[in-house]
Structures are given as structure tokens and as C-alpha cells.
Amino acid sequence: MDLTKFPFDNVTCSLTFESFNYNTDEVKMDWSENGVQKMRDKMELADYELVDIHKIRTTEEYPAGYWHELTMSFEFKRRAGWYILQAYLPTYLTICISIPARTMLGVNSLLAMTFQFGNIIRNLPRVSYVKAIDVWMLSCMTFVFCSLLELAWVGYLSREEEPTGLRSPPCAQVAPKPAHPPPVQQSANSTVIRRQKQPKNEEESALLSLRDNDYGYIPPGFGLNGNLASAMKSFSSSCSCEPTNVVNMIKQRREILAHKIDSVSVFMFPFLFVLFNIAYWQHYLRVN
């Protein structure tokens with residue numbers, strides 16, 4: 001039994017009659033003219049369709065003489081209706097809804113096809129060669145997987161993050177000068193009331209504002225030669241945090257590339273699937 005074209009294969013079975021004790025000198029065997037054809041109308045199988053019956057008569061030589069052998073050859077064609085309904089039509093529907101794939105839909109389609117393929121091959125003989133239904137299911141799963149890869153690629157190109165190495169530097173933020181006098185601090189175990197020291201001049205006020213930042217770090221050089229106030233004014237001024245033209249250009253190119261990939265895939269996937277169908281059905285439905 002050759003299952004290379006399963007489930008579109010043909011099966012040939014043989015039935016041989018031969019005398020055990022009597023050779024051709026004592027018994028001669030031959031087929032009648034219409035004895036085999038009467039059996040054809042009475043044969044009905046669920047999985048196979050009887051195509052033809054061949055009758056063969058041969059003479060075999062043994063040490064004790066010659067014996068006649070009568071052989072009936074039954075040629076069956078497998079009925080593929082069950083496999084078309086259970087395997088081929090569902091995969092057609094799965095491919096049609098997964099070509100314009102989105103993440104959840106594509107993953108669910110791939111899992112459904114894998115589960116369906118496992119249920120089909122569970123009842124088949126374990127052979128070491130590839131069958132027709134294996135080619136179909138594996139090719140359909142490849143189409144779904146490629147559509148997921150295309151979706152991931154387009155999503156990567158369309159993400160909102162800026163390219164690495166071209167990000168704008170963060171803006172330096174300086175704590176604003178308090179509008180009200182500093183709060184009064186009172187310890188829990190004492191009735192002594194303390195008040196924070198008021199800055200005497202602009203430089204001391206700038207130093208206090210730097211100490212109140214997130215890191216408590218005062219850069220070296222501030223306060224020398226009376227330049228602290230001017231340096232603080234430069235920190236307090238608004239900085240330019242807008243993305244550069246290079247970043248905008250790269251983003252625009254990536255968006256254009258993602259749109260082109262998506263547009264080409266919409267036509268390429270159906271076209272390749274149609275070509276695969278033409279080659280598949282032409283090869284496996286071809287008469288030997």
C-alpha cells in the first residue's frame with residue numbers, strides 16, 4: 001500500500017486461488033466468463049470505491065510439477081469526501097481569515113490547524129515518507145506563520161519609539177523658587193521651634209534650589225567668580241526638547257517602508273496561495 005497521494009490514492013488488493021495437493025495433471029483451474037463480474041455489483045465499502053476487477057490465470061512450477069494459480073485483482077479508489085470536509089475546507093477558511101492577519105487571529109489559526117492536523121494523522125499508518133495531506137497541512141501552517149512574521153515586521157517598523165542613538169537629551173529641570181516662606185519645623189521630643197535659614201542673596205538662593213533637586217548634587221564650579229546666578233538662569237531657561245529633523249526623517253522612512261510591506265503582502269499572500277493550489281491539485285489529482 002502506497003500512501004504518497006493519500007487521501008487521493010488508489011489501492012490494489014489481490015486474492016489468489018491454488019490447489020494444495022493436485023497439480024495440473026490432475027486438476028486444471030480456469031476463470032469462467034462472467035463469474036468475476038457478478039461480484040462487482042455486490043461490493044460496497046464506506047472508504048473505497050471499487051474501480052475494476054482483473055482476473056489472472058498463471059501456471060507455477062514446483063518440484064512436484066505444475067500448479068494453476070487463479071488471481072483476482074481488485075482496484076479500489078479512496079473516497080476523499082470525509083477528508084475534504086474535515087481537513088481541506090476548514091484550512092481554506094483558516095487561510096482566508098488569517099491572510100490579513102492580526103496577532104490573536106493568526107495565533108489562534110495556527111493553533112487550530114496544528115490541533116486539526118494531529119487529529120487527522122492520529123488514525124493513519126506511520127510511514128516514513130511524506131503524504132499529500134502532510135504537504136497540504138504543513139504548507140497552510142507555513143502561510144499562517146509567514147503572515148504572523150509579516151505582522152511582526154510591520155509592527156516593529158511602525159512603533160512609536162525613537163531610533164537608538166538619536167534620542168533628544170532630557171531637559172534639565174530646576175525646582176522653582178518657593179513663593180512662601182519656608183515651613184516651620186518642630187521636633188517630636190522638644191518644644192524648640194526652628195525656622196529654615198533665609199537666603200541672603202541670589203547666589204545662596206540658587207545653591208539652595210540645587211540642593212533640593214532629585215539628586216542633591218551641586219556641579220563643581222558653581223559659585224566661583226560670581227557666575228552662579230547667570231548659570232542658574234541658563235538652567236532655568238526653557239530647553240529645546242523637540243526631535244531633530246534626522247529623527248523625523250527616519251521615522252517617516254520607516255512608516256513608508258511598513259506601508260509598502262503591508263500593501264505588497266496583501267496581494268502577495270493570496271497570489272502565492274493560488275499558485276500553490278494550482279500546483280498541488282494538478283500534481284496529486286493527476287492520473288497515473
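A search of the whole structure, which is a predicted model, finds 23 aromatic pairs. One of them joins Tyr62 and Trp67, whose ring centres lie 5.4 Å apart with the planes at 90°, so that the pair is edge-to-face, the cut-off for this class being over 60 degrees. Within this pair Trp67 is buried, at a relative accessible area of 9%, whereas Tyr62 is partly exposed, with a value of 37%.

A further edge-to-face pair is formed by Tyr92 and Phe273, because their ring planes stand at 80°, with 5.9 Å between the centres. Since Tyr92 belongs to helix α2 (residues 81–98) and Phe273 to helix α7 (residues 245–284), this contact ties together parts of the chain that are 181 residues apart in sequence. Phe273 is buried, with a relative accessible area of 8%, while Tyr92 counts as partly exposed at 24%. Both residues also take part in a cluster linked by ring pairs, whose members are Phe8, Tyr88, Tyr92, Trp136, Phe143, Phe273, Phe276, Tyr280, Trp281 and Tyr284.

The unreviewed UniProt entry lists residues 80–101, 135–157 and 261–281 under "transmembrane region". In the model, residues 135–157 are 100% helix and 0% strand, and the C-alpha atoms at the ends of this segment are 33 Å apart. Residues 261–281 are likewise 100% helix and 0% strand, with 30 Å between the end C-alpha atoms. An aromatic ring is also involved in a contact with a charged group: the charged end of Arg254 sits over the ring of Tyr156, at 5.6 Å from its centre.

How values were computed. Residues are numbered from 1 along each chain as its sequence is written. This is a predicted model: local features need pLDDT of at least 70, side-chain atom pairs count only at pLDDT 80 or more; totals for chains, interfaces and linings use all residues. Side-chain values use heavy atoms; hydrogens and water are left out. UniProt positions are given in the numbering used here, feature names are shortened, and annotations may be inferred rather than shown by experiment. Helices (H or I, at least four residues) and strands (E, at least two) are DSSP runs, numbered from the N terminus. Rings of Phe, Tyr and Trp (its six-membered ring) pair if their centres lie within 6.5 Å; planes under 30 degrees apart count as stacked, over 60 as edge-to-face and the rest as tilted. Buried means under 20% relative accessible area, exposed over 50%, partly exposed in between (1.4 Å probe, protein chains only). A charge sits over a ring if NZ of Lys or CZ of Arg is within 6 Å of the ring centre and within 35 degrees of the ring normal.
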